[in-house]
Amino acid sequence: MKAYVFPGQGAQFSGMGKDLYESSAQAKSYFDTANEILGFDITKVMFEGSADELKETKVTQPAVFIHSAVTALVHDDFAPDMVAGHSLGEFSALVANKALGFEDALKLVSQRALAMQKACEMNPSTMAAILGLDDAVVEEICESIEGVVPANYNCPGQLVISGTNEGIAAACEKMKEAGAKRALPLPVGGAFHSPLMEPAREELAAAIEATTFSSPICPVYQNYDAKAHSDIIEIKSNLISQLTAPVRWTQSVQEMVAAGASQFVECGPGKVLQGLVKKIHREAEVSGL
């Protein structure tokens, strides 16, 4: 069985999507529509922008989404048995399995980006990548420090934590003392996938509830609980909960493998997810679309 997976924030690069835009009239139409919806020329930033310009929140999330979703939409023999996306990538996955239309999903992604930016400004906070420790040890240390939580279960031995600036600094020291190979503060604007994103969750919840979802053509394995979902009410609820809960990527891939996935195809910029899938399940076949 074939699983299609969609990357999140951080996968962006200058020039992303340009080949797609120039080689497909259908793709060009989606890119042009995106410019209209967002009210600025995001394609110009994607194709020619500097790394700093691409890092702007209002650009990054829509840019990665557009590249990923359009890649799936214009591919002739796109036939997923299951889909999943990492954080932001879950919106691309929901377009790919027809639960969301491209335009509606892009509007939600834009609102999500701006709501997260506002939450970051309200609560100065950050994230750190912890390498080389068992998940249970990382979880235990997080529990011992107020305002710090596990945020991204990326693969065995790689867990990202979120929290207040002081909490993350203290946690990094404790992680090193416990034997972590690395405890790296990340250059991000805030504590994504933590309770500090509650203001953004509330804002996004209203937008998601007001958006029309359709029955998907295949299940989506969602970040919130790493389980397969096809019920629209459950999908909406999990999509809202995702903002303040950890991304269970390791568990999602394990669940997809248990359901019969042997091929994982990454749709969108970069190869990050291909690398993570291989670390989670060595026998998996990975490729990009």
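Predicted model: local features only at pLDDT ≥ 70, side-chain atom pairs only at ≥ 80, totals over all residues.
Visitor: What makes the phi of Ser87 worth a remark?

Guide: Although Ser87 is not a glycine, its phi is positive, at about 60°. Most residues other than glycine have a negative phi. Lys98, also not a glycine, has a positive phi of about 70° and lies in the loop between H6 and H7; with 45% relative accessibility, Lys98 counts as partly exposed.

Visitor: Why is Gly10 called exposed?

Guide: The relative accessible area of Gly10 is 56%, so Gly10 is classed as exposed. Gly10 lies in the loop between E1 and helix H1 (18-23), and its C-alpha atom is separated by 8.5 Å from that of Val64, a residue 54 residues apart from Gly10 along the chain.

Visitor: How do you know that Asn35 is buried and that a polar contact joins the side chains of Asn35 and Asp41?

Guide: Asn35, which lies in helix H2 (residues 25-38), has 15% relative accessibility and so counts as buried. A polar contact is a pair of N or O atoms within 3.5 Å, where within protein one must be able to donate a hydrogen and the other to accept it, and residues adjacent in sequence count only if both atoms are side-chain atoms; the side chains of Asn35 and Asp41 are joined by one of 3.3 Å. Under the definition of contact as heavy atoms within 4.5 Å, and leaving aside neighbours within four places in sequence, Asn35 is in contact with Phe40, Asp41, Ile42 and Thr43.

Visitor: How do you know that E1 pairs with E9?

Guide: Two strands pair if DSSP finds at least two bridges between them, and E1 and strand E9 (residues 263-266) have 4 bridges in the parallel sense, with Val5 standing opposite Glu266. E1 is also joined by 4 bridges to strand E2 (residues 82-85), again running parallel, and there the bridge partner of Phe6 is Gly85. Strand E1 (residues 2-6) is mostly covered, since 4 of its 5 residues are buried.

Visitor: What makes a set of residues a nonpolar core, and which members of the largest one touch the most other members?

Guide: A nonpolar core is a set of buried Ala, Val, Leu, Ile, Met, Phe, Trp, Tyr and Cys residues joined through side-chain atoms within 4.5 Å. The largest one holds 61 residues, of which Phe6, Phe65 and Ile66 touch the most other members. Helix H7 (residues 102-122) gives the largest share of this core, 9 residues. Not counting residues up to four places away in sequence, Phe65 touches, among others, Leu88, Phe91, Phe102 and Leu106.

Notes: Residues numbered from 1 in each chain as written. Heavy atoms only, no water. Helix = DSSP H or I, 4+ residues; strand = E, 2+ residues; numbered from the N terminus. Buried < 20%, exposed > 50% of the residue type's maximum accessible area, 1.4 Å probe, protein only.
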